[in-house]
Amino acid sequence: MSEYLDNNHVDTFGIFLVEKNQMCPGLYLPFLFVSSFHWGYKKFNADTKKFVSHINKESVNAANLILIPIIESSHWTLLVGNLKNKVWDFYDSLPKKTHRAILPEVISHLYEETTTSFATDIRRWRIRRIKQVPTQKNSVDCGMYVCKYMEAVIQPEAIVWADVKDWEDNMAKFRAEFAYAILSTTIK
């Protein structure tokens, strides 16, 4: 796990977060996780509704956030829907305008498959690029950064991104912890 993370890795991390929250209610803010395959399969005109079948009015009303990891042109980013404030937050470990360009399509695809789940048109929500987040210095850690972003944004206490300085130095440790979690956990 010292290289690029693929869809299976990022989805596994997201599922770990979901399962931890189910085992320890209140550990994290209530959130919904959308598989990275939802957007990935869309590009191949495949059926993607199975990846959002858990999103309905009830689950949306019970959640604060919706986490959408995105892989586009071999780069991972994270789109987070703040369901209470009706705004999208965008996290990018290699900030570029081109990474943000795909977001309206991702949001529209989600909306098309979950239209009746939301009280408002999520395509009209403002998109904010979150600044001062930890960024990578290489070309392979974007997936691990997305995993860490997901873990950070669901914490009950708001994170102060300007205070987070050590991710690059601890990336090997984060990868080792993730590998250990994969090896020692049985996913249902």
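Author: Let's start with a term: two strands pair if DSSP finds at least two bridges between them. Helices (H or I, at least four residues) and strands (E, at least two) are DSSP runs, numbered from the N terminus. Bear in mind that this is a predicted model, where local features need pLDDT of at least 70, side-chain atom pairs count only at pLDDT 80 or more, and totals for chains, interfaces and linings use all residues. Residues are numbered from 1 along each chain as its sequence is written, and side-chain values use heavy atoms, with hydrogens and water left out.

Now the sheet: five strands form an open sheet in the order E1-E2-E3-E4-E5, with mixed pairing. Strand E1 (31-33) and E5 sit at the edges, each pairing on one side only. On average, neighbouring strands of this sheet are turned by 25 degrees against each other, direction ignored. Look at the E1 end: E1 and E2 pair in the parallel sense over three bridges, and Phe33 stands opposite Leu67 in E2.

Next, the helices lying across it. Axes here are lines fitted to C-alpha atoms, for helices over the stretch in contact (heavy atoms within 4.5 Å), and angles run from 0 to 180 degrees between N-to-C directions. Helix H1 (residues 7-23) lies across E1, E2 and E3, running at about 150 degrees to E1. Helix H6 (residues 142-153) lies across E1, E2, E3 and E4, and runs at about 15 degrees to E3.
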